[in-house]
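Here is a short briefing for someone meeting this structure for the first time. Please keep the sequence and the model side by side while reading.

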Amino acid sequence: MSTELTPAQMDSYFIGFTPNPLFKRKPRIITSAKGSYLHTAEGKKVFDGFSGLWCSGMGHGHPKIAEAIQKQVETLDYVSAFYMSHPGAFSLTEKIASLAPDPLNHVFYSTGGSDAVDSALKLALGYHRLKGNAGRTRMIGRERGYHGVGFGGISVGGMVANRKMFSTLTLPGVDHLPHTFDIQQMAFSKDQPTWGGHLADDLERLVALHDASNIAAVIVEPMAGSTGVLVPPVGYLQRLRESCTKHGILLIFDEVICGFGRMGANFAAQRFGVVPDMITFAKTVTNGMQPLGGVIMTSEIYKTFMDQPEFTNSVFHGYTYSAHPVAVAAGLAALEVFSSEGVADKVKEKEHLFQELIHSLKGEPNVIDIRNVGFAGSVEFAPIAGQPGIRGHRITDALYEAGYYLRWSGDQAVFAPPFDSTAEELEALVEALRKCIRANA
Ligand SMILES: Cc1ncc(COP(=O)(O)O)c(C=O)c1O
């Protein structure tokens with residue numbers, strides 16, 4: 001396949017979450033990737049400081065995962081996802097359950113994060129209904145939350161730009177907790193900010209307003225990734241858990257980014273010491289090498305769905321590609337690598353170094369905040385007056401030209417370095433960013 005693209009080809013592809021005309025004027029076309037590096041159509045090598053889209057932390061083209069995918073596609077390419085399955089699906093479930101905190105022991109599969117979120121919301125509704133609480137239908141998300149792009153996800157999500165074009169069709173009966181970011185109180189916090197735990201108590205206000213008997217679930221990202229690494233304040237998740245338990249509301253952690261090592265633990269639930277009722281996952285479960293996601297749930301939720309008449313579907317929900325054999329093979333191989341290479345511990349060991357390096361940018365021109373936890377971080381810049389996002393674009397664009405990729409997210413450069421990053425690579429990445437910040441002051 002030629003890597004030369006004609007203008008017509010360039011024009012034919014409508015790329016999501018991308019200013020298309022800008023991209024097409026100066027495209028970033030990647031033709032191969034290995035380990036921590038991307039190789040561009042122009043023959044340049046770029047350090048992937050964002051692990052793809054938070055998903056390829058164990059390195060691009062990992063040979064063990066690639067081999068498992070190849071073998072699987074030759075053995076069993078596809079099997080119906082309904083009233084039929086294959087052995088790998090059960091092995092993968094066993095593996096995921098072993099990594100998740102007890103009592104989250106059962107998995108429902110989707111094909112990515114957005115449908116994992118929609119599945120979790122529907123499972124929450126179904127659970128309450130089966131328990132005789134059909135009135136529990138309200139959902140509570142959080143401002144600045146990202147839960148994918150399904151109508152469920154954008155409804156509980158709190159990113160204005162993702163909602164406003166579609167706002168008339170967001171779900172009714174959704175409230176949002178306040179987000180947890182306050183630059184006055186927490187600028188340049190390392191790891192968890194000490195201020196802000198009390199913000200979880202807003203849930204009590206919503207319970208007082210609607211009555212708990214109408215509320216199905218609260219969904220939050222333990223660490224909000226897409227709005228720029230908003231780390232939960234100390235005690236915040238614990239307080240949410242306490243309120244949910246008190247009022248019989250299900251707590252869902254959306255760990256599509258956090259799960260499988262990014263937080264220096266199997267899941268954020270373990271990192272922050274709070275066990276939710278459901279965890280959504282995707283991305284790193286296959287190291288980004290196949291699309292797969294799902295919901296891990298407690299035995300209590302699972303058993304409630306099982307306790308129905310014999311010839312009734314346990315849930316009227318599922319996807320053609322739920323537990324797709326090739327994606328499952330990738331997941332099994334990726335999680336084998338995750339355990340045998342001690343990925344979570346590796347991140348835990350190196351996160352302090354990452355933290356100190358990224359915080360060394362404090363004091364550089366226009367840097368107004370730096371946030372980090374595990375192997376996730378964000379450097380936030382003061383916006384150019386009347387031109388939000390442009391400074392962030394200029395800096396991350398110059399960085400890409402210099403051979404380092406960080407995600408441009410408004411006036412932020414967001415880090416999700418590969419788990420195998422060496423001290424030298426992390427240092428070089430931060431120094432390259434420093435140069436670009438100065439050059440665009
Ligand atoms: C927390 C969270 N939930 C859901 C999603 C959506 O996942 P997907 O893009 O696989 O649909 C994402 C994607 O980044 C995410 O970060």
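Which residue in S7 stands opposite methionine 139? The residue is alanine 217. The model is predicted.

**The seven-stranded sheet**

- Seven strands make an open sheet in the order S4-S10-S9-S8-S7-S5-S6. The pairing in this sheet is mixed.
- Strand S4 (104–110) and strand S6 (174–177) are the edge strands. Each has a single partner strand, so one side of each lacks a neighbour in the sheet.
- On average, neighbouring strands here are turned by 20° against each other, direction ignored.
- Strand S5 (residues 138–142) and strand S7 (residues 215–220) run parallel. Three bridges join S5 to S7.
- Helix H13 (residues 299–306) lies across S4, strand S9 (278–281) and strand S10 (293–298). H13 runs at about 95° to S10.

**The four-stranded sheet**

- Another open sheet has four strands, ordered S1-S2-S3-S13, again with mixed pairing.
- At its edges stand strand S1 (30–34) and strand S13 (404–405). One side of each is left without a neighbour in the sheet, because each has a single partner strand.
- Strand S2 (residues 37–40) runs antiparallel to strand S3 (residues 45–48), and three bridges join S2 to S3.
- Tyrosine 37 faces phenylalanine 47, which stands opposite in S3.

**Helix packing**

- Packed helices are described by two values: the angle between their axes and the distance between the axes.
- Helix H6 (residues 113–130) packs with H13 at an angle of about 65°. The axes of H6 and H13 are 9 Å apart. Their crossing is left-handed.
- From H6, Leu123, Gly126, Tyr127 and Leu130 make the contact. From H13 come Ile301, Thr304 and Phe305.
- By class, the contact of H6 with H13 has five nonpolar residues, two polar and no charged.
- Helix H5 (residues 87–99) packs with helix H14 (residues 325–340) at an angle of about 35°. Their axes are 9 Å apart. The crossing of H5 and H14 is left-handed.
- H5 brings Gly88, Ala89, Ser91, Leu92 and Lys95 to the contact. H14 brings Pro325, Val328, Ala329, Gly331, Leu332 and Leu335.
- The contact of H5 with H14 holds seven nonpolar residues, three polar and one charged.

**Around the ligand**

- There are 14 residues around the ligand. Gly112, Gly113, Ser114, Gly148 and Val256 come nearest.
- Which helix gives the most to the shell around the ligand? That is H6, with three residues.
- Five residues of the shell are nonpolar, seven are polar and two are charged.

**Where the domains meet**

- In contact are 35 residues of domain 1 and 31 residues of domain 2.
- On the side of domain 1 that touches domain 2, at least two residues each come from helix H3 (51–54), helix H15 (343–359), strand S11 (367–373), strand S12 (376–381) and strand S15 (412–415).
- H15 gives the most to this side, with eight residues.
- The residues of this side divide into 14 nonpolar, 14 polar and seven charged.

Methods
Residues numbered from 1 in each chain as written. Predicted model: local features only at pLDDT ≥ 70, side-chain atom pairs only at ≥ 80, totals over all residues. Pairing = 2+ DSSP bridges. Axes fitted to C-alpha atoms, helices over the stretch in contact; angles between N-to-C directions. Contact = placed C-beta atoms within 7 Å. Left-handed = near helix turned anticlockwise from the far one by under 90°. Nonpolar A, V, L, I, M, F, W, Y, C, P; charged D, E, K, R; others polar. Near = placed C-beta within 6 Å.
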